[in-house]
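The sequence and the model are shown first, and a description of selected features follows.

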Amino acid sequence: MANKRYTVWEGKESGVFADWKTVETLVKGFKGAKYKGFSSKVEAEQALGEGRERYYQPEKKRNEKELPFLKESIAVDAACSSASGIMEYQGIDLVSGAQVFHFSCPHGTNNIGEFLGIVHGLSYLKEKKSDYNLYSDSKIAINWVHEGKCKTNLPHTAETEKLFELIKRAEQWLSEHSYETQILKRKTEEWGEIPADFGRK
């Protein structure tokens with residue numbers, strides 16, 4: 001997109017920039033970096049002036065006992081096999097019960113799978129222009145998504161290179177897209193296992 005611009009609120013340098021490579025050098029390794037892509041220079045400059053608060057809202061604290069179960073949603077969950085080391089995640093439509101996406105990758109962790117699954121779900125719903133909500137049973141992954149960063153301690157090695165490329169793409173998607181989807185914590189104690197569960201407990 002020729003007119004695309006990136007706003008950096010918090011990084012090694014703040015401002016509006018025209019290319020992702022420049023932005024990456026400004027935010028990579030900068031703790032608490034805040035940045036997002038916009039479709040035009042005007043939007044990016046407006047966002048810079050308005051401040052990051054409008055675009056980086058902290059996770060809302062909800063009283064889950066009062067939160068109704070919303071059927072018009074997709075549920076995402078991840079699993080990691082201790083035998084094969086394969087990480088996988090899937091998304092399930094809670095209305096139809098159909099699997100709407102599934103992905104697997106070697107050398108992952110549950111938390112990474114949960115994070116990637118949520119981002120995949122957000123992307124899927126945005127592409128479909130759906131007003132569905134999204135359920136996850138991972139508070140850690142939900143927080144990572146709200147912060148726009150997968151804070152895994154998994155070593156970045158030759159074996160995990162493909163996985164870290166996926167993480168980078170997911171983080172970039174979060175930085176470049178806004179979304180209206182509510183990300184809700186599944187209350188398994190009251191509602192049972194999340195419908196996307198792989199049943200390996």
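How many salt bridges does a search of the whole structure find? The search finds four. The model examined here is a predicted one.

## Salt bridges between separate parts of the chain

One of the salt bridges joins the side chains of Lys168 and Glu24, with an N to O distance of 2.9 Å. Lys168 belongs to helix 5 (residues 161-176) and Glu24 to helix 1 (residues 20-27), so this pair ties together parts that lie 144 residues apart in sequence. Lys168 is partly exposed, with a relative accessible area of 35%.

Another salt bridge brings together the side chains of Glu171 and Lys149, at 3.8 Å from N to O. This pair also links distant parts of the chain: Glu171 is in helix 5, while Lys149 is in the loop between helix 4 (139-147) and helix 5, 22 residues away. Glu171 has a relative accessible area of 11% and is therefore buried, whereas Lys149, at 42%, is partly exposed.

Because the two residues are four positions apart in helix 2, about one helical turn separates Lys41 from Glu45. Lys41 is partly exposed at 45% relative accessibility, and Glu45 is partly exposed at 42%.

## The second largest pocket

The second largest pocket has a volume of about 290 Å³. Its lining consists of 13 residues, and those nearest the centre are Gly37, Phe38, Ser39, Glu43 and Ser178. Strand 3 (34-38) and helix 2 (41-50) are the elements that contribute two or more residues to this lining.

By class, the lining of the pocket comprises six charged, five polar and two nonpolar residues. Both domain 1 (5-50) and domain 2 (73-185) supply at least three residues each to the lining.

## Backbone angles of two loop residues

Which residues have a positive phi although they are not glycine? Among them is His107, with a phi of about 65°. His107 is located in the loop between strand 6 (99-106) and helix 3 (110-128), and its relative accessibility of 34% makes it partly exposed.

Lys129 likewise has a positive phi, of about 55°, without being a glycine. The position of Lys129 is in the loop that runs between helix 3 and strand 7 (133-136). With 78% relative accessibility, Lys129 counts as exposed.

How values were computed: Residues are numbered from 1 along each chain as its sequence is written. This is a predicted model: local features need pLDDT of at least 70, side-chain atom pairs count only at pLDDT 80 or more; totals for chains, interfaces and linings use all residues. Side-chain values use heavy atoms; hydrogens and water are left out. On a 1 Å grid over the protein atoms alone, a cavity is a set of points where a 1.4 Å probe fits but cannot get out, and a pocket is an open set with protein on both sides within 12 Å along at least five of seven lines; lining residues have an atom within 4 Å of a point. Grid points are joined across faces, edges and corners, and a volume is the space filled by probe spheres set on the points. Ala, Val, Leu, Ile, Met, Phe, Trp, Tyr, Cys and Pro count as nonpolar, Asp, Glu, Lys and Arg as charged, and the others, Gly among them, as polar. Domain bounds come from an automatic or database domain assignment. Buried means under 20% relative accessible area, exposed over 50%, partly exposed in between (1.4 Å probe, protein chains only).
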